[in-house]
Amino acid sequence: YGRRDHEGLGEVVRAAYDRGINFFDTAPTYGEAEEVLGKVLKDIRQEVVISTKVPARVGGLSCSYDAITLACERS
């Protein structure tokens, strides 16, 4: 909500990692969160777990193989 401070977010994420946090949860509905998180964690990507969600489709949830694969590729 409001102004987005990507640099500040990066500092918070890295501080969490430095304190032992290695699991980060995100979703496409969180705006630019996946992209920002990817940039912040790029150099330590093999040391963290990033989880995302499959977005609901208008008219209901789609959990088909194709829908989940597409959501993962977009992430």
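Trainee: What does histidine 6 count as at 36% relative accessibility?
Mentor: Histidine 6 counts as partly exposed, because its relative accessibility is 36%. Buried means under 20% relative accessible area, exposed over 50% and partly exposed in between, using a 1.4 Å probe and protein chains only.

Trainee: Before I go on, what kind of model is this?
Mentor: A predicted one, where local features need pLDDT of at least 70 and side-chain atom pairs count only at pLDDT 80 or more, while totals for chains, interfaces and linings use all residues. Residues are numbered from 1 along each chain as its sequence is written, and side-chain values use heavy atoms, with hydrogens and water left out.

Trainee: And what's the average pLDDT?
Mentor: The protein averages 84, and 88% of the residues score at least 70. pLDDT is the predictor's confidence in each residue, from 0 to 100.

Trainee: OK, back to histidine 6. Where does it lie, and what does it touch?
Mentor: Histidine 6 lies in helix H1. Not counting residues up to four places away in sequence, it touches Glu32 and Val36; contact means heavy atoms within 4.5 Å.

Trainee: How do H1 and H2 pack?
Mentor: H1 (residues 6–18) and H2 (residues 33–41) meet at an angle of about 60°, with their axes 10 Å apart. Axes are lines fitted to C-alpha atoms, for helices over the stretch in contact, and angles run from 0 to 180 degrees between N-to-C directions. That angle is why H1 is oblique to H2; under 35 degrees is roughly parallel, over 145 roughly antiparallel, 65 to 115 roughly perpendicular, and the rest oblique.

Trainee: Which residues make the contact?
Mentor: His6, Leu9, Gly10, Val13 and Arg14 from H1, with Val36, Leu37, Val40 and Leu41 from H2.

Trainee: New topic: where is threonine 26, and is it buried or exposed?
Mentor: Threonine 26 is in the loop between S1 and H2, and it counts as buried because its relative accessibility is 2%. Leaving aside neighbours within four places in sequence, its contacts are Ala33, Glu34, Leu37, Ile50, Ser51, Thr52 and Lys53.

Trainee: And the overall layout? How many helices and strands?
Mentor: Three helices and two strands, running α-β-α-β-α from the N terminus on. They are DSSP runs numbered from the N terminus: helices are H or I, at least four residues, and strands E, at least two.
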